Amino acid sequence: MSRRQPFVHLYLARVREFVREPEVIFWVFGFPVLLAIGLGVAFRNKPPDEIIVGVVDAPGFARVAAALPASEGFRVLTVPAAAAGERLRLGKVALIVTPGDSYEYRYDPTRPDSVMARHLVNEALQRAAGQIDPVKVRETLVTEPGARYIDFLIPGLLGMNIMSGGMWGVGFLLVDMRTRRLLKRLIATPMKRTDFLGAIMTSRIILVLTEMTLLLIFGRIIFHLVVQGSLWTVVVLAVLGAFVFAGLGLLVASRTARIETASGLMNIVMLPMFVFSGIFFSSDRFPAAIQPFVKALPLTALNDALRAAILEGASLPSQAGRILVMLAWGVVAFAVALRLFRWN
């Protein structure tokens with residue numbers, strides 16, 4: 001018998017188990033695509049939302065309404081003075097304008113749309129009153145792939161999938177096999193432990209590459225996503241990410257004997273990365289005080305490196321710092337996990 005046959009049989013067993021579970025196929029391949037479609041449509045490129053301005057029914061109303069035409073993105077609503085505060089509080093208008101000898105602006109400074117409305121309405125009213133811009137300006141409108149939300153989102157979804165697949169595909173699998181006493185039976189066979197763990201890792205890497213290919217092709221066909229960098233760079237980063245999160249999944253499962261415990265531990269590990277690692281929005285939005293913690297997370301490093309390669313055309317050497325962060329997590333996780341791992 002060839003020395004590689006046990007490894008091949010173990011790998012094929014993992015593939016067959018995967019194929020026989022249609023719900024797993026959906027969560028691995030279907031869910032990220034549906035999520036990309038939903039968020040891509042919700043945050044698609046479109047004209048700016050109209051600015052809803054409530055103008056109090058008072059002398060000077062017609063002058064204000066004439067200065068805020070629909071062609072410039074304004075929608076003027078007549079608001080009784082007694083109801084103005086409630087309309088603003090409920091978000092039915094972005095700004096309340098009270099006409100008179102001078103204009104009174106009532107708005108919520110904590111609402112970005114309200115602050116923006118105040119500036120745009122004031123500019124329109126001042127211009128209507130005869131104000132002339134002291135400096136002439138020119139505008140150059142730029143809309144191109146790479147600057148859209150969907151371009152930002154797809155690398156984040158790829159990183160999220162790699163994390164979830166590594167944690168659940170390795171950690172949950174091992175705990176389930178331990179619970180059913182399959183690990184105890186396997187260790188009693190002539191099987192080499194390296195063949196067993198190698199088959200799991202190989203199946204994860206093949207799945208990661210399949211997920212990556214599907215998501216990038218989908219993004220290209222549906223949203224015209226352009227991969228600016230080398231595909232080999234993206235592949236290497238994805239495989240490295242699979243290694244890191246397989247190690248973390250193995251660490252979580254190293255001694256866990258119950259599926260409920262494993263689920264709780266995996267959620268504890270993954271939740272900070274779901275929140276802080278920039279899947280759906282940039283991690284730079286978090287305060288500077290916690291940025292060292294955010295940048296030290298393996299998913300942050302993976303997402304930032306994937307975005308740099310896909311959107312900016314960054315080379316692999318230019319991502320050395322992020323790669324070192326991922327390698328540190330992966331090597332330490334595997335070293336500790338293999339030392340703690342129990343087969344029964």
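Predicted model: local features only at pLDDT ≥ 70, side-chain atom pairs only at ≥ 80, totals over all residues.
Residues are numbered from 1 along each chain as its sequence is written, and side-chain values use heavy atoms, without hydrogens or water. Local features need pLDDT of at least 70 and side-chain atom pairs count only at pLDDT 80 or more, while totals for chains, interfaces and linings use all residues.

**Overview. The chain has 13 helices and four strands.** Helices (H or I, at least four residues) and strands (E, at least two) are DSSP runs, numbered from the N terminus. The chain holds 344 residues, and 41% of them count as buried. Buried means under 20% relative accessible area, exposed over 50%, and partly exposed in between, with a 1.4 Å probe and protein chains only. The accessible surface is about 19000 Å². Carbon and sulfur atoms own 63% of that surface. Areas come from the Shrake-Rupley method with a 1.4 Å probe; for residues, only the protein chains shown count as cover. Among contacts with a separation of 6 or more, 71% join residues 24 or more positions apart. Contact means heavy atoms within 4.5 Å.

**View 1. The second largest pocket holds about 250 Å³ of space.** Its lining has 14 residues. Nearest the pocket centre lie Asp 49, Glu 50, Ile 51, Ala 94 and Asp 113. Strand E1 (51-56) and helix H5 (112-128) each supply at least two lining residues. H5 gives the most, with five. By class, the lining has eight nonpolar, one polar and five charged residues. Ala, Val, Leu, Ile, Met, Phe, Trp, Tyr, Cys and Pro count as nonpolar, Asp, Glu, Lys and Arg as charged, and the others, Gly among them, as polar. A pocket is an open set of points on a 1 Å grid over the protein atoms alone, where a 1.4 Å probe fits, with protein on both sides within 12 Å along at least five of seven lines; lining residues have an atom within 4 Å of a point. Points are joined across faces, edges and corners, and the volume is the space filled by probe spheres set on them.

**View 2. Ile 52 sits in strand E1.** Its C-alpha is 6.1 Å from that of Val 76, 24 residues apart along the chain. Beyond residues up to four places away in sequence, Ile 52 touches Arg 75, Leu 77, Lys 92, Val 93, Ala 94 and Leu 95.

**View 3. Helix H6 covers residues 149-179.** Its 31 residues reach 43 Å from first C-alpha to last, close to the 45 Å expected at 1.5 Å a residue. The expected span is 1.5 Å times one less than the number of residues. Of the 31 residues of H6, 25 are buried. Arg 181 follows H6 and has a positive phi, near 65°.

**View 4. His 224 lies in the loop between helix H8 (193-223) and helix H9 (231-253).** His 224 is not a glycine, yet its phi is positive, about 60°. His 224 counts as exposed because its relative accessibility is 51%.

**View 5. Gln 319 lies in the loop between helix H12 (298-312) and helix H13 (320-340).** At 6% relative accessibility, Gln 319 counts as buried. Neighbours within four places aside, Gln 319 contacts Asp 304, Ala 305, Ala 308 and Ala 314. H12 is mostly covered, with 13 of 15 residues buried. Gly 313 follows H12, with a positive phi near 75°.
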